[in-house]
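I opened the model to look up its cavities and its aromatic rings. My notes follow.

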Amino acid sequence: MAAGKGIVRGVQGFFKKPAVKKVVDTLFPDPMSRLKYQEILWDFSDKESLEKWTLITDEQFGGKSTAEFVQSPGGKAVFRGNLSTELPQATSVKYSGMCAIRAQPHRDWKGDVTANDVTDYDGIVMRVRGDGRTYALNVQTQSIRDDDIHQSFFHTRGGPLWETVKVPFTKFVLTNAGYLQDQQMAFPRIRTLGFTLADWNTGPFHLEIDYIKLVMFMYQPKHFKYHWQSKV
């Protein structure tokens, strides 16, 4: 018995040698080591990142909402302004009250739009500090129609605390021009993403964003916990 244990320890010691371990890892790589568990899409500590986003309000269609997308003193992105549901006069517009931001698509050296491959991931994580209002997270994919948008809504708690918001891809729904589509589709590639506020509540809004990243949750329980709070 003692001899057997000695042989086992000897074999284990042999495979722990750096040179042997390197050969084994090369010939028999761990398939899990190739997986990426997260990928940062946007980190707003760099002020130039904000210049790659487009601001949209109903002011472009006669509305009176105003907004801006700026960097905070702490190096975070701030989407803020005032939402107005007041209808423009002497027009046929029936609804008003919308502010949005959208990331500009990445382009290659030929000027063609490139997309992020998300097949290794199954959700998006954001660190935000909100105002108690509900925002839409919008994802534009490589779809047949350029105006197809996958949307998911998240509620911010407000107050001084930061929130880590987790949104699995399964929580997105396909929409077009604001209407839910009967045929839902998965999205293997993301072209752009953005945020929309259109909650019919007139007044100021303030959404601070630290980062946005792709993640692999691997396991999504029946009761999914979307929010974590922190003071810093």
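**Cavity**

I looked up the largest cavity and found about 80 Å³ of space in it. On a 1 Å grid over the protein atoms alone, a cavity is a set of points where a 1.4 Å probe fits but cannot get out. Points are joined across faces, edges and corners, and the volume is the space filled by probe spheres set on them. My search of the whole structure gave one cavity of 30 Å³ or more.

This is a predicted model, so I note the limits: local features need pLDDT of at least 70, side-chain atom pairs count only at pLDDT 80 or more, and totals for chains, interfaces and linings use all residues. Residues are numbered from 1 along each chain as its sequence is written, and side-chain values use heavy atoms, with hydrogens and water left out.

Next I listed the lining (residues with an atom within 4 Å of a point). Leu41, Trp42, Ala103, Gln104, His106, Asn116, Ile190, Arg191, Thr192 and Leu193 line the largest cavity. Strands here are DSSP runs of E, at least two residues, and helices are runs of H or I, at least four, numbered from the N terminus. The largest share, four residues, comes from β15.

**Aromatic rings**

I counted ten aromatic pairs. Rings of Phe, Tyr and Trp (its six-membered ring) pair if their centres lie within 6.5 Å; planes under 30 degrees apart count as stacked, over 60 as edge-to-face and the rest as tilted.

Phe79 and Phe205 pair edge-to-face, at 5.0 Å centre to centre and 65° between the planes. Phe79 sits in strand β4 (residues 77-83) and Phe205 in strand β16 (residues 203-215), so the pair ties together parts 126 residues apart in sequence. Are these two buried or exposed? Both Phe79 and Phe205 are buried, with buried meaning under 20% relative accessible area (1.4 Å probe, protein chains only).

Phe154 and Phe195 are also edge-to-face, at 6.1 Å and 80°. Phe154 lies in strand β11 (residues 148-155) and Phe195 in strand β15 (residues 189-197), so this pair ties together parts 41 residues apart in sequence. Phe154 and Phe195 are buried. I then traced one aromatic cluster: Trp42, Phe44, Trp53, Phe69, Tyr135, Phe154 and Phe195.

**Whole chain**

I logged two helices and 17 strands. Of the 232 residues, 39% count as buried.

Key: Buried means under 20% relative accessible area, exposed over 50%, partly exposed in between (1.4 Å probe, protein chains only). On a 1 Å grid over the protein atoms alone, a cavity is a set of points where a 1.4 Å probe fits but cannot get out, and a pocket is an open set with protein on both sides within 12 Å along at least five of seven lines; lining residues have an atom within 4 Å of a point.
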